[in-house]
Amino acid sequence: WAATDQLMSPWWRDLWRVYLCTGLRDKLVMDMRFDQIDFERGVYLIEPLARGAKRRRKKLSQDERKRPIEMPLSSYVLGILKKRQMFAPKGPAGEWVWYSTETTRRKTKELPRLTDPRSSWQRTTPVIGYWLYKHDLRRSFASLAATVDPSAVLALSLLMLHSSKTVSKALGVPQIT
């Protein structure tokens with residue numbers, strides 16, 4: 001955690017921390033838009049058919065396809081998102097949470113989105129002793145949460161958008177909605 005403060009640019013550090021503090025899949029983090037964040041209620045409204053939500057169109061009713069998945073966000077993550085929103089560029093580029101403040105090498109007026117944190121995150125490798133991938137942060141979220149409350153493994157699985165049917169079967173408990 002301390003290494004991210006000292007060795008990463010703020011936007012890459014924030015991205016790293018959102019991965020770790022939410023346990024969300026890569027596409028759900030990278031495709032996050034400000035209009036999907038309900039700051040008052042503290043939830044991320046995820047479209048059920050979004051890549052990374054792992055919902056199958058044919059298994060969802062028309063109503064289920066329209067109703068967003070409400071993912072609770074911690075006050076810490078909401079703070080990161082509010083700060084990013086304060087400095088978001090105007091126009092379409094500013095709709096994305098992970099906007100970039102620099103233009104690409106191509107001659108274009110649009111500001112690109114952040115896409116690949118590997119070179120920035122690599123700076124922590126010599127300090128912490130190993131390389132971290134985005135999915136490692138998802139697994140760390142699960143490990144930490146399971147350590148905090150081992151009895152809440154079903155709730156944790158649902159927070160990670162795992163299928164309640166699959167989780168229930170693995171645990172030998174009835175499926176809940």
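What percentage of the 177 residues in the protein is buried? Buried residues (under 20% relative accessible area, with a 1.4 Å probe and protein chains only) make up 39%.

The model is predicted; local features need pLDDT of at least 70, side-chain atom pairs count only at pLDDT 80 or more, and totals for chains, interfaces and linings use all residues. Residues are numbered from 1 along each chain as its sequence is written, and side-chain values use heavy atoms, with hydrogens and water left out.

**View 1. Helices and strands of the protein.** The protein has 10 helices and 3 strands, taken as DSSP runs (helices H or I, at least four residues; strands E, at least two) and numbered from the N terminus. Their order from the N terminus is α-α-α-β-β-α-β-α-α-α-α-α-α.

**View 2. Helix H2 against helix H5.** The axes of H2 (residues 10–22) and H5 (residues 75–86), lines fitted to C-alpha atoms over the stretch in contact, come within 10 Å and cross at roughly 150°. H2 and H5 are therefore roughly antiparallel (angles over 145 degrees, on a range from 0 to 180 between N-to-C directions). Trp11, Asp14, Arg17, Val18, Cys21 and Thr22 of H2 meet Tyr76, Val77, Ile80 and Arg84 of H5 (contact: heavy atoms within 4.5 Å).

**View 3. The largest nonpolar core.** This core, a set of buried Ala, Val, Leu, Ile, Met, Phe, Trp, Tyr and Cys residues joined through side-chain atoms within 4.5 Å, has 32 residues. Tyr44 and Trp98 have the most contacts inside it. H2 gives the most to this core, with 6 residues.

**View 4. Surroundings of Tyr44.** Leaving aside residues up to four places away in sequence, Tyr44 touches residues including Leu24, Leu28, Asp31, Ile69 and Glu70.

Conventions:
Angles under 35 degrees count as roughly parallel, over 145 as roughly antiparallel, 65 to 115 as roughly perpendicular and the rest as oblique. Buried means under 20% relative accessible area, exposed over 50%, partly exposed in between (1.4 Å probe, protein chains only).
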